[in-house]
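I opened this notebook to record what I looked up in one structure, entry by entry. The notes begin with the surface and end with the overall build.

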Amino acid sequence: MRHQLLALLARQPAYGYELKQGLEQTFGAAYPQPNIGQIYVTLSRLEKSGLIRGTEVTQEGRPDKKVYEITEKGTEELAGWFEAPTEGPRVRDEFFMKLILAEGTDLADRLTLINNQRRHCINTMRGLNKLAATERGNRTSLLLIEGAVLHLQADLDWLERCQEELT
């Protein structure tokens with residue numbers, strides 16, 4: 001969450017609740033809703049690292065709030081994050097480990113494992129398609145959902161290949 005918060009702060013200074021709202025409005029319901037406690041813990045860590053700076057703002061009739069802004073060091077960190085490629089394919093796939101290591105244990109059948117994983121993928125896709133119907137106005141959320149569905153479809157194709165090779 002640190003880079004997402006830095007990116008929002010690169011746009012403009014904000015306090016914790018505004019950052020939470022910014023994430024929710026940008027990504028919609030497809031993105032896991034951020035916990036405000038997690039946001040403030042992350043902001044504290046970013047401030048200790050010198051990536052952001054917080055300023056107390058006095059409010060009349062309300063508790064003071066802390067407004068955060070990105071520092072030069074934070075801007076450099078964020079630029080590096082934008083430039084770095086994102087992790088590629090999962091070579092250490094937990095399901096695949098289960099599938100391969102199940103043989104000979106008498107605890108799990110490979111075909112059953114494949115079918116359970118297939119059902120999980122299909123149910124997840126159904127949930128995402130329902131979510132997409134509620135997110136029609138949020139193009140960012142729809143792209144996120146579409147990407148997840150395409151990954152699930154690739155997983156289903158790969159499960160078919162595993163079934164052909166291993167059962």
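Predicted model: local features only at pLDDT ≥ 70, side-chain atom pairs only at ≥ 80, totals over all residues.

**Entry 1, the nonpolar patch.** I looked up the surface and found that Phe-96, Met-97, Ile-100, Leu-101 and Trp-158 form a nonpolar patch there, with about 440 Å² of accessible area together. A patch of this kind is made of residues with over 30% relative accessible area and no salt bridge, nonpolar side chains (Val, Leu, Ile, Met, Phe, Trp, Tyr) being joined within 5 Å and like charges within 9 Å. The accessible areas come from the Shrake-Rupley method with a 1.4 Å probe, and for residues only the protein chains shown count as cover. Helix 5, residues 94-101, gives the most to the patch, with four residues, whereas Trp-158 is found in helix 7, residues 139-166. Helices here are DSSP runs of H or I with at least four residues, strands are runs of E with at least two, and both are numbered from the N terminus.

Residues are numbered from 1 along each chain as its sequence is written, and side-chain values use heavy atoms, with hydrogens and water left out.

How many aromatic pairs does the structure hold? I found four. The pair of Phe-27 and Tyr-31 is stacked, because the ring centres are 4.8 Å apart and the planes stand at 25°. The rule is that rings of Phe, Tyr and Trp (its six-membered ring) pair if their centres lie within 6.5 Å, with planes under 30 degrees apart counted as stacked, over 60 as edge-to-face and the rest as tilted. Phe-27 is partly exposed at a relative accessible area of 25%, whereas Tyr-31, at 18%, counts as buried. For these classes, buried means under 20% relative accessible area, exposed means over 50%, and partly exposed lies in between (1.4 Å probe, protein chains only).

I then turned to Phe-95 and Trp-158, which form an edge-to-face pair, 6.1 Å centre to centre with 75° between the planes. This pair links distant parts of the chain, with Phe-95 in helix 5 and Trp-158 in helix 7, 63 residues apart. Phe-95 counts as buried at 10% relative accessibility, while Trp-158 is partly exposed at 31%. Ring pairs also link Phe-95, Phe-96 and Trp-158 into a cluster, and Phe-96 and Trp-158 are both among the residues of the nonpolar patch.

A search of the whole structure finds seven salt bridges, each defined as a side-chain nitrogen of Lys or Arg within 4 Å of a carboxyl oxygen of Asp or Glu. I looked up three bridges in detail, with the notes below.

- Glu-69 forms a salt bridge with Arg-53, the closest N and O atoms being 3.5 Å apart. The pair links distant parts of the chain, Glu-69 in strand 2 (residues 65-70) and Arg-53 in strand 1 (residues 52-57), 16 residues apart. Glu-69 is partly exposed at 30%, and Arg-53 is partly exposed at 42%.
- Glu-103 forms a salt bridge with Arg-110, with 3.1 Å between the closest N and O atoms. Glu-103 counts as exposed at 57% relative accessibility, whereas Arg-110 counts as buried at 14%.
- Glu-160 and Arg-118 meet through their side chains in a salt bridge of 3.5 Å, N to O. Glu-160 lies in helix 7 and Arg-118 in helix 6 (residues 110-134), so the pair ties together parts that are 42 residues apart in sequence. Glu-160 is partly exposed at 37%, and Arg-118 is buried at 17%.

Where does Asp-155 lie? I placed Asp-155 in helix 7, and its contacts (heavy atoms within 4.5 Å) include Arg-90 and Cys-121, not counting residues up to four places away in sequence.

The secondary structure comes to seven helices and two strands, and the elements run α-α-α-β-β-α-α-α-α from the N terminus on. The protein has a radius of gyration of 21 Å, whereas a compact globule of 167 residues would have one near 15 Å; the radius is taken over C-alpha atoms, and the globule rule is 2.2 Å times the number of residues to the power 0.38. The C-alpha trace spans about 65 × 35 × 30 Å along its principal axes. Of the 167 residues, 29% count as buried.
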